[in-house]
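Q: Could you walk me through this one? I'd like to start with the charged pairs and then move on to whatever else turns up.

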Amino acid sequence: MLARVLFGLTATACFLAMGCQPYRACDPVDESSIDQLPNRLSLTGIYSPERVGTIAADVRPYRPRFELWSDGATKQRWLWLPPGASIDTSDMDSWQFPIGTKLWKEFARDGVRLETRLLQRLSSGWIGVAYLWEKDASDAIAAPYGAIDVLETSHDVPASNECDGCHGGRKSHVLGFSAVQLAHEPELGSLNLDDLVRLELVSVPPASAPRVPGNEIEQAALGYLHANCSHCHNATRPSRRGARCFDPEDDVDLSLRAAEASAVSETNTYRTAMDDYIQPGRPNDSRLIELVSQRSRFRQMPPLASETVDTSAVTLLRRWIEGL
Amino acid sequence: VTPLRRTGHQHILARIEHASLSRASLRRTLHRSLSSTLLLLFTTAARSSEDDSTPALHGKDAERRIEVSLATRAGLVGGAPFVTETFPEVSGFGVALTGAAAVRLSSAEWLRLELPVGLVRLDFPAGAQVAETALGNIELGVEHRLETHPASRLGFSAAFLAPTAEHGPDTSLLDNRALALVSALNGGEDSWLWTPGVLGLRLGTRAEHSRGSFTFRADLELPLLVRVSDAGLPEDADTHSFGMLPFVALHATWWVTPGLAASLGGNVSAELLRVQEPALERDREHRAQAVVAPGVQVRPSDRVLLHLDAAVPVGGSLGGEAWSIGLRGRLDL
């Protein structure tokens with residue numbers, strides 16, 4: 001109780017100074033960039049010109065090995081590369097995509113499509129916008145300022161400037177489509193690393209398929225942290241421009257590298273978070289568990305785009321920490 | 001939803017919007033400057049006698065010719081009603097800043113101008129926050145103050161409300177949302193100042209009585225609003241042409257020592273006629289909002305009065321969703 005009162009007083013002091021939670025402050029929506037994107041999803045090139053709803057032949061589905069938790073929403077993802085272009089993979093941990101690249105991610109709940117996000121590389125840089133599906137699912141309309149509780153669900157659609165909250169934390173700007181994330185065997189028809197090499201869509205093939213060290217639990221835990229935390233918590237984050245916008249001020253690095261070491265003790269997570277956010281053998285004393293186990297205005301991880309605790313992930317992380 | 005492909009005159013409008021980037025930048029600078037000097041303002045702010053009553057200070061009323069005041073209220077809103085399906089609620093934190101000046105026209109008549117500004121950090125859907133500054137409706141009115149008894153006063157006021165509240169471009173609703181958030185900070189007690197697209201007339205009366213070390217005050221306000229624009233709201237917003245938002249407040253102050261008082265206030269604002277309906281049905285059901293405001297007053301010298309209080313909405317659509325702390329300083333010259 002005393003802690004709550006003290007926390008409340010501290011928060012009050014923050015409000016008075018308007019400096020509370022500075023890491024949440026982002027730049028406003030850049031309308032001039034947004035204007036370069038189509039108003040309707042059907043105009044973005046994802047669908048066949050003959051029929052809305054049928055994915056175009058040159059738009060390829062993919063699924064990352066470790067998925068970002070999105071409060072239980074089911075997701076589908078697609079990539080389109082300009083004809084003849086390939087991804088610059090000279091830095092295997094930070095792929096650079098050609099101008100014109102488009103990635104889409106569709107969110108659904110109970111089989112109902114809610115939104116489809118588009119991330120596109122323009123000559124001026126990356127721009128993202130979410131398209132909100134209409135009730136009759138005939139098309140989706142751009143929502144540069146996002147929306148809350150769409151189609152009578154608890155699903156929130158991010159505003160365009162919030163894309164940078166996660167994507168701005170990586171040099172590549174693309175999350176989930178990387179050597180680490182594609183080195184697996186997804187369902188039939190989805191792109192993986194082998195496909196990219198075979199189709200000559202990468203400039204430099206990896207020397208060997210990236211592997212995550214450790215046993216099954218360790219791999220799953222490291223993968224979860226990579227997919228859900230490392231877009232902010234990584235050591236190679238681009239230097240800050242504009243507002244802080246979810247730029248951490250500690251040096252914890254929870255990312256996996258394509259050329260990962262053979263021992264878990266050499267991974268970024270073990271090197272930077274142990275005995276700090278993670279207390280080996282003591283999940284109840286680990287700040288990581290405390291933060292991922294709650295959702296509140298002031299204390300939660302990840303702080304962006306989630307209102308529901310990923311209980312299965314918490315169970316996984318607890319088991320992992322207990323076994324350390 | 002924004003039409004992203006613009007043609008014809010929309011291109012011209014877009015260019016104008018782009019040209020106003022410098023204005024946006026200016027506003028952000030203003031926001032930061034005001035925020036950073038806020039605490040300084042707290043300590044130097046002067047507040048008119050209408051909000052802070054002490055018997056000792058009343059005696060100086062006859063000497064005053066001009067009153068300048070600044071009221072500040074800072075706090076958090078977890079979820080306040082808003083009017084569109086896309087954003088049925090607003091949340092964030094911020095500061096309501098209301099500056100006022102009153103000039104004595106005669107022994108009992110005052111001309112009063114009030115300028116409300118909101119400085120907020122709006123929550124965006126995924127959890128980011130963006131700073132926004134929005135001007136409220138400017139109020140210009142007259143007050144008639146009567147001393148009916150050495151310990152009692154009556155006041156009457158009538159004020160014109162200019163439709164100056166910013167609503168911004170209809171693509172973003174940012175200014176609309178900022179104003180809704182600031183209004184919630186105040187527990188809805190002066191929502192007419194923060195409603196965009198309306199002009200209005202506010203009639204008010206006040207009774208005040210001092211007895212021993214106690215001062216009691218009662219206020220009744222009756223704002224009548226007329227919608228003059230759609231305030232940039234989309235078609236799905238349910239708006240009306242007229243609004244009536246009566247407000248009743250009771251306040252008691254106990255001067256424990258000559259320099260220290262405890263106060264307790266409470267008010268109820270009702271929405272007899274709304275100019276804009278909340279999007280959520282559960283918010284539409286709440287027509288009244290009560291606010292409890294305990295506080296302390298400190299008078300470090302004869303010329304200075306500090307008033308710190310908390311506004312805690314009870315019940316209604318804001319109960320448990322908003323709270324704020326107000327700090328006012330009054331300087332008698």
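Q: How accessible is D285(A)?
A: In this predicted model, D285(A) is partly exposed, with a relative accessible area of 46%.

Q: And which residue does D285(A) form a salt bridge with?
A: D285(A) pairs with R282(A), and the closest N and O atoms of the two are 3.0 Å apart. R282(A) itself counts as partly exposed, at 42% relative accessibility.

Q: OK, what about R73(B), which residue does that one bridge to?
A: R73(B) forms a salt bridge with D309(B), where the closest N and O atoms lie 2.7 Å apart.

Q: Is R73(B) buried or exposed? And where does that leave D309(B)?
A: R73(B) counts as buried because its relative accessibility is 9%, under the 20% cut-off. D309(B) also has a relative accessibility of 9% and therefore counts as buried.

Q: What about R274(B) and E277(B), buried or exposed?
A: Both R274(B) and E277(B) are buried, and they form a salt bridge with each other in which the closest N and O atoms are 3.0 Å apart.

Q: Which residues are joined into one network by salt bridges that share partners?
A: In chain A, R237(A), R240(A), R244(A), D247(A) and E249(A) are joined in that way.

Q: And how many salt bridges does the structure hold over all chains?
A: The structure holds 30 salt bridges, counted over all chains.

Q: Where in chain A is E152(A), and how exposed is it?
A: E152(A) lies in the loop between β8 (140-142) and α3 (163-167) of chain A, and E152(A) is exposed, with a relative accessible area of 77%.

Q: Now the nonpolar side. Which members of the largest core touch the most other members?
A: This core has 67 residues, and those in contact with the most other members are L41(A), W104(A), Y131(A), F82(B) and F124(B). Helix α5 (residues 174-185) of chain B supplies the largest share of the core, with 8 residues.

Q: What lies apart from that core?
A: Another core, of 48 residues, lies apart from the largest one, and F66(A), V174(A), F177(A) and L317(A) are among its members. In soluble globular proteins, nonpolar side chains tend to be buried together.

Q: Which residues form the nonpolar patch on the surface, then?
A: I66(B), V68(B), V103(B), L105(B), L111(B), L113(B), L140(B) and V142(B) make up that patch, and together they have about 680 Å² of accessible area. At least two residues of the patch come from each of β1 (66-81), β3 (109-123) and β5 (139-149) of chain B.

Q: Take V68(B): which strand is it in, and is it buried or exposed?
A: V68(B) is placed in strand β1 of chain B, and V68(B) counts as exposed because its relative accessibility is 53%, over the 50% cut-off.

Q: On to the backbone. Which peptide bond is cis, with omega near -5°?
A: The bond from M301(A) to P302(A) is cis, with omega near -5°, and P302(A) is found in the loop between α8 (287-292) and α9 (311-322) of chain A.

Q: What's the phi of E200(A)?
A: E200(A) has a positive phi of about 55°, although the residue is not a glycine. It belongs to the loop between α5 (193-198) and α6 (216-228) of chain A, and E200(A) is exposed, with a relative accessible area of 65%.

Q: And A231(B), what's the phi there, and is the residue buried or exposed?
A: A231(B) likewise is not a glycine and has a positive phi of about 55°. A231(B) counts as buried, at 0% relative accessibility, and the residue is found in the loop between β8 (214-227) and β9 (242-244) of chain B.

Key. Residues are numbered from 1 along each chain as its sequence is written. Chains are lettered from A and ligands numbered from 1 in the order in which they are written. This is a predicted model: local features need pLDDT of at least 70, side-chain atom pairs count only at pLDDT 80 or more; totals for chains, interfaces and linings use all residues. Side-chain values use heavy atoms; hydrogens and water are left out. Helices (H or I, at least four residues) and strands (E, at least two) are DSSP runs, numbered from the N terminus. Buried means under 20% relative accessible area, exposed over 50%, partly exposed in between (1.4 Å probe, protein chains only). A nonpolar core is a set of buried Ala, Val, Leu, Ile, Met, Phe, Trp, Tyr and Cys residues joined through side-chain atoms within 4.5 Å. Patches are made of residues with over 30% relative accessible area and no salt bridge: like charges are joined within 9 Å, nonpolar side chains (Val, Leu, Ile, Met, Phe, Trp, Tyr) within 5 Å. Accessible areas come from the Shrake-Rupley method with a 1.4 Å probe; for residues, only the protein chains shown count as cover. A salt bridge is a side-chain nitrogen of Lys or Arg within 4 Å of a carboxyl oxygen of Asp or Glu.
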